[in-house]
Amino acid sequence: MTGPQHDAVTGFRTRFLLASAAWAVLVAAVLVAVPLAFADRLPDPLATHWGASGRPDGSMTFGAFVLFPVVLWAVVAGLCAGVAARARTLARRAPRAWACAGLAWAGGFMVLIQAFTIAANLDRGHWTRAAGMTWQVAMVVVAPMALGALGRLAGRRGPDVSPAPPRTGPLIDLDPRKRQVWVSTASASWATWLVLVALAAGASIAGLTLTGRSSIGWGAVVPFAVTAVVGVMLSSVSVRVVPEALTVSAGPLRWPSRRVRLDRVERAWAEERYPGQVGGWGYRGLPGHATIMIRGGECLVVRYTSGGELAITVDDAAAGAALINALVARRRPFVGR
Amino acid sequence: MLLTLDLNDPRPLHEQVAAAIRRAIGAGDVAPGDRLPPARDLARALGVNANTVLRSLRDLRDEGLLEFRRGRGVSVLRRPDGREVLRARARELLDEAAEYGVSADEVVALIKDISEEMA
């Protein structure tokens, strides 16, 4: 990074942190001022939790009701702003915009959930007589998305330092009498934990349902089973380059698997990519411009002769790229090296 | 990890695979403490049976280069020392010499010549 560019990012960082802090303080002020303004018309304790039927089934003292959202908000805002202010996120437009969207959405969510809670408790005398919650549940999730979109627009303003240009590693000298291959993997321990937690939760709900001790039912097992399957797929990826093709396989079962013949490949390079840039984990993007994101960091990028790209997060990507380039150059000896 | 198999090598396949992995460790492709890709992946890439790769891995463990840990796969324990690397290189050199019809004794004489020139 050059000097002036670095200064621009530093100055931007200060402005960014000031703007985030202003938003955080504004939301915190609303979170404290609104309940205090209605204090004399609210029961103490007031209803703060609603059951599946839409009736209130939990309460909190007024003091806790004022304090809890502010503390939660401080943590959430701190995390969002902290993530966004990290050097590698701040300088890049896409991840910064998403962090800002998260910050804006979370603020709206907190304010809205508090507003609905106050509205339900207003002039009710006792928390058990609080109004039901039905459509409001969807509202508190969906309505702040408008704020999130605004936050994303705000976050798009500012610098966008593109990642380092693709490094083209040294070409490997291929010996025609030898078969050279490259094998590498990447794994994400968080995905393994996700699988274990989902399996444990799914199994205990299934057990309780089977023995008739719970009324949650099989419907609740499905999302945990789906989570476990997705987690297994995301827990690892294996890439191998042989003289004929590049093969990418997901998960410990190495299925599904995708094979790309090297005569479709124009060149390859190593690059750093992060979930914030590509929109999360897993298979991101469309075929022809996709990233298989297992963990942030080193990534093998392959450009097809058709112009498309495939990126896979994998360790030791530079060596793999060098071998692919050497194999491709051998296939087309007269095309510019 | 980059692995190279010699297509004309007359040695048993598991020795060739072991040599390829030893070379990769020697070249620093994988450092002590790093995990090796699973044997199954190595076997598929090299186009050999998984049992062949497992046999090579066991040989390398017996040499003290690799460590098998339950649930954590196979990891590199140490790099092969200079003698082991040179031995493999010398073997390749002799193979190449044989292709040109040069005997082992002639290669030894050649090396002596060169070392005297360098001294």
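Me: Happy to look at this together! How many helices and strands are there in chain A?

Reply: Chain A has 10 helices and 11 strands. Bear in mind that this is a predicted model.

Me: How do I read burial here, and what share of chain A is buried?

Reply: Burial is a matter of counting neighbours: a residue is buried if 20 or more other C-beta atoms lie within 10 Å of its own. In chain A, 32% of the 337 residues are buried.

Me: And what about contacts between residues at least 6 apart in sequence in chain A?

Reply: Good one to check. Of those contacts, 65% join residues at least 24 apart.

Me: Which strand of chain A pairs with β1(B), and in what sense?

Reply: Pairing is read from bridges between strands, with at least two needed. Here β3 of chain A, residues 178–187, pairs with β1(B) in the antiparallel sense, over 5 bridges. To find your place, look for Gln180(A), which stands opposite Thr4(B).

Me: Where does chain B form a hairpin?

Reply: Look at β2(B) and β3(B), which have 3 residues between them. One pair to display is Leu66(B) with its bridge partner Val76(B).

Me: Which residue in the turn has a positive phi?

Reply: Gly71(B), with a phi of about 75°.

Methods. Residues are numbered from 1 along each chain as its sequence is written. Chains are lettered from A and ligands numbered from 1 in the order in which they are written. This is a predicted model: local features need pLDDT of at least 70, side-chain atom pairs count only at pLDDT 80 or more; totals for chains, interfaces and linings use all residues. Helices (H or I, at least four residues) and strands (E, at least two) are DSSP runs, numbered from the N terminus. A residue is buried if 20 or more other C-beta atoms lie within 10 Å of its own, exposed if 12 or fewer, and partly exposed in between; C-beta atoms are placed from the backbone. Two residues are in contact if their C-beta atoms, placed from the backbone, lie within 7 Å.
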